[in-house]
Amino acid sequence: MNLSRLTLYGTLLLVLVLFLPLSCTSTVTEKQGDSSSEAGNAPEKPKEILPVEPEPTLLESLTELNAVEDGQKDLALLEKAETLTLEERILKSALMVSEGYWKEAREELNRLLEENPGHPDVLYNLALLENAEGDNAARDETIGAILKTNPDHEDGLLLKGTIDFSAKRYKQADQSFSRILSKNPKNFMALSGAGSAQMNLDNLEGAVKLLNRAIELEPDFAYLYVDRARAFRGLKKYGKAEEDYGRAIELEPDVEWHYLDRTRIFIQYFHDLENAWEDLEQIERINPDNLFANIYKAGVLDEWQRYDEAEVYYEKILRARPDYGYAHEPLAKYAYMKGDFKKAKNHFLQAYEFESRDVMYVLAAALCMEKSGDRKNAEKLLKEVIPRVTRDSIEYEMFRYYLQPGSNYFITDKIAKETNEDLRSRMYFYLGARDDLQGLRRSALASYEQVDDYTGFFESELAAWERNNP
């Protein structure tokens, strides 16, 4: 099927207005022309006498401009023309929508509809305008009018499918995309939409097949690789997903989200922190305020025990997002290691406000208060929180031990019998810290030695720090 100039612009508008936000907004990277020329001293060839070509028509001129997607220049050409064909007027209205001249677009579309009642391409541009204006009810009514009289109108179906997809009506979206493909199996936007719909209908293998077909048609459209990578992730084919994100990066090297997607693969599935770091550095080059990248960088630096650098990123994250509660635990840990127990206490309490199910944050805050000489308020804090702790639990017994530190026989026996290995390990830290407060360093070290280094809880790193910092 040969696409008309209008249909090409309709597809472009649809991508700009609706489709790309399903992933992240971007533009398709264009192929650069080969500007190289041969060098040397070869004799100059006689100039070839070429036949005189006719002046290009207005639509042909617009097609040339479309190679660089310059809507303003296209629109200027149309406005200068003395007379326009119906197709050119429809194109003009589409450009008015895409360039933001909505009032003028509506006036032009109203005139076109008066002269051509029910014209599907005019109605399609009207639906795009209504979508841009946020009038979803009018937009849906207009799309319905298009498809009632022209049920196979490709752009109308593509618009409806994309709207249904955005509203998570995946079956209806798939029906629209599939109807297009039944008539035009080479519509790559419909293939992409159908692939995304199938992905959300848990048909991942089917999604990959559709996206493979789309990529064959448009191998330089980065977001097809991004979508296929998502399907590969669902199929647990992480190597293939990483390759597709890499291809998207090759096509759009300045789109930060491609790097972030690949970073997740490196960290979550390969634990490849070195390659993840390289991608995160690229994101920082593009946008140093990308919150997710800064979170990943802080986490990687923390795992590498480059705590001073990690602290800088966590503080930056909190400045951008004060409600990001996950930053308080590592910041409390760093402050504790620096001996700033007041700051550590504050961060532990904020961590508890964010995640109140973990009462050990309160115990850690009370420990910091005692380390700074504030036993009275430490007891007050523990008494306030202990009613929320499950009775007969090991956490409850540790709270009681901190409130009434006497013989440690009962709590030591309770810890030894705890079946949850991580919880048992965490409790040995608090047992050792209590002994340290009482000046029982040898006993404290024995408890710290019982703390597993790899629980993933902050007590593991604090125990290691306490062992090496008497």
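What follows is a walk through this predicted model, from the whole chain down to single side chains.

Residues are numbered from 1 along each chain as its sequence is written, and side-chain values use heavy atoms, with hydrogens and water left out. As the model is predicted, local features need pLDDT of at least 70 and side-chain atom pairs count only at pLDDT 80 or more, while totals for chains, interfaces and linings use all residues.

Let's start with confidence. The average pLDDT (the predictor's confidence in each residue, from 0 to 100) is 87 for the protein, and 85% of the residues score at least 70. Residues 1-68 are another matter: pLDDT is below 50 there, although the stretch has 95 contacts in the model beyond near neighbours in sequence. A contact here means heavy atoms within 4.5 Å. Where pLDDT is low, the predicted coordinates should not be read in detail.

Now the overall picture. The protein has 26 helices and zero strands; these are DSSP runs numbered from the N terminus, H or I of at least four residues for helices and E of at least two for strands. Of the 470 residues, 48% are buried. Buried means under 20% relative accessible area, exposed means over 50%, and partly exposed lies in between (1.4 Å probe, protein chains only). The protein exposes about 25000 Å², with carbon and sulfur atoms supplying 48% of that; the areas come from the Shrake-Rupley method with a 1.4 Å probe, and for residues only the protein chains shown count as cover. Among contacts between residues at least 6 apart in sequence, 52% join residues at least 24 apart.

Next, the inside. A nonpolar core is a set of buried Ala, Val, Leu, Ile, Met, Phe, Trp, Tyr and Cys residues joined through side-chain atoms within 4.5 Å. The largest one has 75 residues, and those with the most contacts inside it are Phe348, Met398, Phe399, Tyr402, Phe429 and Tyr430. Helix H20 (residues 360-371) gives the most to this core, with 10 residues. A second, separate core of 60 residues includes Ala194, Tyr225, Val226 and Ile265.

Phe348 takes us to helix H19, where it is one of the buried residues, along with Phe341, Ala344, Lys345, His347, Ala351 and Tyr352. H19 (residues 341-354) has 14 residues and reaches 20 Å from its first C-alpha to its last, close to the expected 20 Å, which is 1.5 Å times one less than its number of residues. The cover over its buried residues includes helices H17 (307-320), H18 (328-337), H20, H21 and H26 (458-468).

Side chains of opposite charge can pair when their charged atoms come close. The criterion for a salt bridge is a side-chain nitrogen of Lys or Arg within 4 Å of a carboxyl oxygen of Asp or Glu, and the structure holds 37 of them. In one, the side chains of Glu461 and Lys333 meet at 2.9 Å, N to O. Glu461 lies in H26 and Lys333 in H18, so the pair ties together parts that are 128 residues apart in sequence. Lys333 is buried at 3% relative accessible area, whereas Glu461 is partly exposed at 23%. Elsewhere, salt bridges that share partners join Asp308, Glu311, Glu315, Lys338 and Lys343 into one network.

Other pairs are more local. Arg230 and Asp227 form a salt bridge with their closest N and O atoms 3.5 Å apart; both lie in helix H12 (residues 222-234), three residues apart, about one turn of the helix. An α-helix has 3.6 residues a turn, so residues three or four places apart point the same way. Asp227 is buried at 4% relative accessibility, while Arg230 is partly exposed at 33%. Arg139 and Asp140 also meet in a salt bridge, at 3.0 Å, N to O.

Finally, two loop residues for anyone checking backbone torsions. Asp202 has phi near 65°, a positive value in a residue other than glycine. Asp202 lies in the loop between helices H10 (188-200) and H11 (204-217) and is exposed, at 70% relative accessible area. Asp392 has a positive phi too, near 70°; Asp392 is in the loop between H21 (375-385) and H22 (394-403) and counts as exposed at 62% relative accessibility.
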